[in-house]
Amino acid sequence: MKKIYLLLLFIPQIVFAGLRCVPMGYPGTKSDVISYICTSGLTDKRLDWISTCNIIYEGTDITKDFETGDFTVRGVAGCSKSGGTAYTTTTDILTTLTTASDGNNNKCWCKMVTPVVSKWVYIRSYSNAGSCAKSCAYRCEEAMAGNDTFRNTLFSSMTD
């Protein structure tokens, strides 16, 4: 009888762990991905951003295409002195300048923090640091909802 009670105590934790891993837990590879479908609320004047996504994986001859189902992607936005190629340049660390100049820290970067942590992905440059701080998170959400290159870079950078 004790063994049954012990087993029942562990079942909810196992189920919960499985549910949290579903979006990124597909045993396939990045090459199996057919598409990332994401929607966003598009709100500016924030440092964080949020999207609802669904990843579709290609099936085999025996199985049909596999969808993860909707899951929430949360991220942060940051403004840096360094830029790159829009939607494809990634970095582990953002570099900022500490001097007060209108041209400093005007390059917008986005990073996914849940369900997994990605690298920073470069989005665009602004005319000044204030514009970047005001609109960067909005641009991250916009890119999640409408830019395949950004989504591919963001999701693939989590394992690089």
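**Helix α2**

I began with helix α2, residues 129-146, which has 18 residues and reaches 24 Å from its first C-alpha to its last. That is close to the 26 Å expected at 1.5 Å a residue, where the expected span is 1.5 Å times one less than the number of residues. Helices here are DSSP runs of H or I with at least four residues, strands are runs of E with at least two, and both are numbered from the N terminus.

Before going on, I noted that this is a predicted model, in which local features need pLDDT of at least 70 and side-chain atom pairs count only at pLDDT 80 or more, while totals for chains, interfaces and linings use all residues. I also noted that residues are numbered from 1 along each chain as its sequence is written, and that side-chain values use heavy atoms, with hydrogens and water left out.

Where does α2 bend? I found a bend of about 50° at S135; the bend is the angle between axes fitted to the seven residues ending at a residue and the seven starting there.

At the start of α2, I saw that a side-chain oxygen of N128 comes to within 3.1 Å of the backbone nitrogen of G130.

Next I listed the buried residues of α2: C132, S135, C136, A137, C140, E141, A143 and M144. Buried means under 20% relative accessible area, exposed over 50%, and partly exposed in between, with a 1.4 Å probe and protein chains only.

**Disulfides**

How many disulfides does the structure hold? I counted three, taking a disulfide as a pair of cysteine sulfur atoms within 2.5 Å.

C79 and C132 have their sulfur atoms 2.1 Å apart, and with -100° about the S-S bond their link is left-handed. C79 lies in strand β4 (residues 71-80) and C132 in helix α2, so this pair ties together parts 53 residues apart in sequence. C79 is buried at 19% relative accessible area, and C132 is buried at 0%.

C108 and C136 form a disulfide with sulfur atoms 2.0 Å apart. Their link is right-handed, with 90° about the S-S bond. This pair links distant parts of the chain, C108 being in strand β6 and C136 in helix α2, 28 residues apart. I found both C108 and C136 buried.

For C110 and C140, the sulfur atoms of the disulfide are 1.9 Å apart. The torsion about their S-S bond is about -90°, so I wrote this disulfide down as left-handed. It too links distant parts of the chain, from C110 in β6 to C140 in α2, 30 residues apart. Both C110 and C140 are buried.

With β6 in view, I turned to its pairing; two strands pair if DSSP finds at least two bridges between them. β6 (residues 107-114) and β7 are antiparallel, paired over four bridges, and K107 has S125 in β7 as its bridge partner. β6 and β7 form a hairpin with five residues between them.

β7 (residues 120-125) also runs antiparallel to β5 (residues 90-91), joined to it by two bridges. There I found T91 bridged to W120 in β7.

**Salt bridges**

I count a salt bridge when a side-chain nitrogen of Lys or Arg is within 4 Å of a carboxyl oxygen of Asp or Glu. By this rule there are two.

R139 pairs with E142, the closest N and O atoms being 2.9 Å apart. The two are three residues apart in helix α2, which means they are separated by about one helical turn. R139 is partly exposed at 22%, and E142 is partly exposed at 34%.

R151 pairs with D148, the closest N and O atoms being 2.2 Å apart. Both lie in helix α3 (residues 148-156), three residues apart, about one turn of the helix. Is R151 buried or exposed? I found R151 buried, with a relative accessible area of 5%.

**Whole protein**

Last, I noted three helices and seven strands, following the pattern α-β-β-β-β-β-β-β-α-α along the sequence. Buried residues make up 32% of the 160 residues.

Terms used. Polar contact = N/O pair within 3.5 Å; in protein donor to acceptor, adjacent residues only side chain to side chain.
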